[in-house]
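Work through these exercises with the sequence and the 3D view side by side. Try each task before you read its solution.

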Amino acid sequence: MAALRSLLPCVPGLLRPRHGCAALRTFAAGAKFEYIITEKKGKAHNVGLIQLNRPKALNALCKGLITELSQALQAFEEDRAVGAIVLTGGEKVFAAGADIKEMQALTFQECSFTQFLRQLDQLSQVKKPIIAAVNGYAVSVGLRRPRTQFFTASCLCMERGTGSCFEKA
Ligand SMILES: C/C=C/C(=O)SCCNC(=O)CCNC(=O)[C@H](O)C(C)(C)COP(=O)(O)OP(=O)(O)OC[C@H]1O[C@@H](n2cnc3c(N)ncnc32)[C@H](O)[C@@H]1OP(=O)(O)O
């Protein structure tokens, strides 16, 4: 009984909901994502690497990819061992922008304000430095993040697409 009593002060802490969702805990346990690959790099495992991994669609930012990206960034943000995060894509393309096939069924308002743009904006809450290592195309909203939120590790040259802003490293 005395032993139980001595544990009591710890109980509120144990019962307090942990920051983050179930998927985050899965991530911490090393589960694989569908659209991204995550790894800890460096001798001290203090660099969080996130690679966009949807090559067949040129890393177009579908809802699932953005959700996973958000979860991985949060997990690295909360990991005290991680000092900085590197975000990269494939050899040919960083990201082909929003998933326009997914967007087809949505209204303008749904696209602009409710769905993925809001979730994308949450990514900017991450306080740790994020370095975008960009190869190939970074299109429109796939370009917005590297440009406005992240330090970009590569030199980008401008190219104009049809109605969209293209950059190709
Ligand atoms: C609010 C947010 C706004 C935005 O972000 S709007 C901007 C949206 N993005 C775009 O409009 C870019 C569309 N993509 C392209 O113009 C071209 O791609 C590229 C110039 C980037 C590359 O061209 P190439 O190398 O010839 O590849 P490929 O054959 O066109 O694409 C390979 C596969 O990737 C899929 N894909 C490419 N971009 C997207 C996308 N943005 N959303 C969904 N799927 C995409 C294609 O469909 C195809 O796949 P399949 O062979 O199965 O047809």
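**Exercise 1. Confidence**

Over residues 153-166, how many contacts beyond four places in sequence does the model have?

Solution. Begin with the ground rules. This is a predicted model, where local features need pLDDT of at least 70, side-chain atom pairs count only at pLDDT 80 or more, and totals for chains, interfaces and linings use all residues. Residues are numbered from 1 along each chain as its sequence is written, and side-chain values use heavy atoms, with hydrogens and water left out.

Next, the terms. pLDDT is the predictor's confidence in each residue, from 0 to 100. Contact means heavy atoms within 4.5 Å.

Now the answer. Residues 153-166 have 33 such contacts, and their pLDDT stays under 50. Residues 1-26 also stay under 50, with 11 contacts beyond four places in sequence. Where pLDDT is low, the predicted coordinates should not be read in detail.

Finish with the whole chain. Its mean pLDDT is 72, and 60% of its residues reach 70 or more. Confidence is lowest in strand β8 (residues 157-160), at a mean of 34, and highest in β1, at 96. Helices (H or I, at least four residues) and strands (E, at least two) are DSSP runs, numbered from the N terminus.

**Exercise 2. The core**

Find the residues that touch the most other members of the largest nonpolar core.

Solution. A nonpolar core is a set of buried Ala, Val, Leu, Ile, Met, Phe, Trp, Tyr and Cys residues joined through side-chain atoms within 4.5 Å. Buried means under 20% relative accessible area, exposed over 50%, and partly exposed in between (1.4 Å probe, protein chains only).

Then read the members. The largest core has 25 residues, and Ile50, Leu52, Leu73 and Ile85 touch the most others. At least two core residues come from each of β2 (47-52), α4 (63-78), β3 (84-88), β4 (93-95) and β5 (130-133). The most come from α4, which gives six.

Now zoom in on Ile50. Beyond four places in sequence, its contacts include Leu69, Leu73, Phe76, Ile85 and Leu87. In soluble globular proteins, nonpolar side chains tend to be buried together.

**Exercise 3. Salt bridges**

List the salt bridges in the whole structure, and place their partners.

Solution. Look for a side-chain nitrogen of Lys or Arg within 4 Å of a carboxyl oxygen of Asp or Glu. The search finds three.

- Glu39 pairs with Lys41, with the closest N and O atoms 3.3 Å apart. Glu39 is partly exposed at 37%, and Lys41 is partly exposed at 38%.
- Lys40 pairs with Asp79 at 2.6 Å. Lys40 sits in strand β1 (residues 36-41) and Asp79 in the loop between α4 and β3, 39 residues apart.
- Arg54 pairs with Asp99 at 2.7 Å, N to O. Arg54 lies in the loop between β2 and α4 and Asp99 in the loop between β4 and α5 (100-103), so the pair ties together parts 45 residues apart in sequence.
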